[in-house]
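Keep the viewer open as you go through the points.

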Amino acid sequence: MPRKASIQKLSNELLKDILDHIEADPERSVSIDRRAYLSVESFRLPSPPLPSQAQDIGNFRLACRRFAELGIPHQFTRIATRFSRAGLQRLEKIASRPNLAKHTKKFSYLIPFFYVEGREQVGKLLHHANGDLQTLDASFFERKAEAQRSIVRSGEDLRVLKKAMMAFRSLQHVQILRLQDEADRSLLDYLHENDGAALRLVDLKWTPACTHALRTVGEALAEVRSPFTRFSGPMMNPQSVLALKKGMPNTISVLSERLTCLELHFDDPVDLNVRMKDLSPLFKLIFTSARNMQAVHIGFPSRQPLDLDLEEIFHNIHWEKLRAFGVQAWRLSAEEIISLARRHSKTLRGLRLRDVQLKDGSMWKDVLAMLRAEMELLDWVSLRRIDYSNHFDEVWGDSMEVPDYPPGGASDSDEEDDFHAHVDLEDDIFESEDEYSDGDSDERSNADTDHGPDANELALSPDTPASLPFCTCSRSSFPATADDLGDNGRFVVYQQRKFWEKWVIGRCPEHT
């Protein structure tokens, strides 16, 4: 009688393959110079595993000690912790178990809006809301407000963060994200629409929450000499960073020395130019200290591009190892872009210029000509929603938001190259989204349009594939020089910028 096969006789390699079919290997990620790097690994928060996946992994680990050890990376390589009593308690439990904590490579800290002290009267607000908030439970918000006050005053979060950062000896990436659940969103929407009497009863602000998170995480990382090298903050507040500058300059210098990747997006448009100019010395300190920088992204709201010289932030610094560089929503001259790209022409593989508006007197063809002629290693370039500053102001100057579709219904809904389908996954880096939500619907979309679901992704996600083969046609329609690119110096349409991206890196515009 043949002996029955047993799963326990399978090798560890085969068992890991089985686990990968339940949930992809959490220790594999996108290489730093790939087109998907920052969009996948720094700003888009991965969807939580499906309940069935989590249950399957959990059941697998319960089978025996061997299976329990094999399943640990699928549960603990990436840790997301909410700023709450339950979240901090869970983090402390993980940190107390070295066999789990040693696997953690990425830590995401999910921070809610903070209640303004004295304005937490949610019960009164709901009573006066005339049924608009009848689905909300006042006690839920009151418990949350009380927990926030208690955690901050006791310093419990800082204590647990220090313990966790000490335990996470393989930590690579730290990420601070803004957290909203459905109840929070309903309350915030109501406050936004009824900002008079309502705000006298209840007020929630992101600035103090962001400030507190930056301070506590920074202090914990510095004190325990964490090995992390990457930091991303997709919803940063300029005031919070200014407060950090004044309160802990020495800590910032120490942490900056370890950085290889930095991704920041500032979402508050109030007095943006003034506040970013105030931050100029801090950026100089950070970028001067970060000698091993490999990837940088600095972005601003698409509806209000920053109007500040590029070197007010980057200070003519040259990074010898820089491989990916991106800016978003900035009014720049052609010479500013050319100068920075030229400094890194020997190393740069990816360049992202999303929502960049060229100033009067500059032309995109000059930028494109330089990139094509001098960037020796450039694999991809992203020009999503680039334009000219004057045209941008004419079209959107009086608008609070840049709409999903441009005037005249240009073909921004056309499908484009789905590069994510054949990105190589390699051992390096991370992932995330600009704002964590329990109900995100666009996370898995690969739509590559100027105004589609991915249009406001905050990272160095290029739009031009780097792995497509060169065609062997005569390229009779391929422009020989930048003068033939059709740049009119007034505005840029969707079809143009896609054509330009391919031209810069030498791809045939007809067969790629």
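1. Is Ala-329 buried or exposed? This is a predicted model, and in it Ala-329 is buried, with a relative accessible area of 0%. You'll find Ala-329 in strand β10, which covers residues 324-332. Have a look at its backbone too: phi of Ala-329 is near 60 degrees, a positive value in a residue that isn't glycine.

2. Arg-385 is another one to check. Its phi is near 60 degrees, again a positive value in a residue other than glycine. Arg-385 sits in the loop between β12 (380-382) and β13 (387-388). With a relative accessible area of 9%, Arg-385 counts as buried, because the cut-off for buried is under 20%.

3. Now for the overall picture. The chain has 21 helices and 15 strands. Of its 512 residues, 54% count as buried. Take the contacts in the chain with a separation of 6 or more: residues 24 or more positions apart account for 86% of them. The accessible surface of the chain comes to about 23,100 Å², and 49% of that belongs to carbon and sulfur atoms.

4. Next, zoom in on helix α16, residues 280-289. Its buried residues are Ser-280, Leu-282, Phe-283, Ile-286, Phe-287 and Ser-289. What covers them? The cover includes the helices α13 (238-247), α14 (249-256), α15 (272-278) and α17 (311-314), along with the strands β8 (261-266) and β9 (295-299).

5. Then there's a helix pair to look at. Two packed helices are described by the angle between their axes and the distance between the axes. For α19 (residues 364-374) and α21 (residues 494-504), the axes come within 9 Å and cross at roughly 25 degrees. Angles under 35 degrees count as roughly parallel, so α19 is roughly parallel to α21.

6. Which residues of α19 and α21 meet? On the α19 side they are Trp-364, Leu-368, Ala-369, Leu-371 and Arg-372, and on the α21 side Trp-500, Trp-503 and Val-504. Sorted by class, this contact of α19 with α21 has 7 nonpolar residues, no polar ones and 1 charged one.

7. Last, the cysteines. A disulfide is a covalent bond between the sulfur atoms of two cysteines. How many disulfides does a search of the whole structure find? The count is 0.

Conventions:
Residues numbered from 1 in each chain as written. Predicted model: local features only at pLDDT ≥ 70, side-chain atom pairs only at ≥ 80, totals over all residues. Heavy atoms only, no water. Buried < 20%, exposed > 50% of the residue type's maximum accessible area, 1.4 Å probe, protein only. Helix = DSSP H or I, 4+ residues; strand = E, 2+ residues; numbered from the N terminus. Contact = heavy atoms within 4.5 Å. Areas by Shrake-Rupley, 256 points an atom, 1.4 Å probe, with all protein chains shown as cover. Axes fitted to C-alpha atoms, helices over the stretch in contact; angles between N-to-C directions. Parallel < 35°, antiparallel > 145°, perpendicular 65-115°, else oblique. Nonpolar A, V, L, I, M, F, W, Y, C, P; charged D, E, K, R; others polar. Disulfide = S-S within 2.5 Å.
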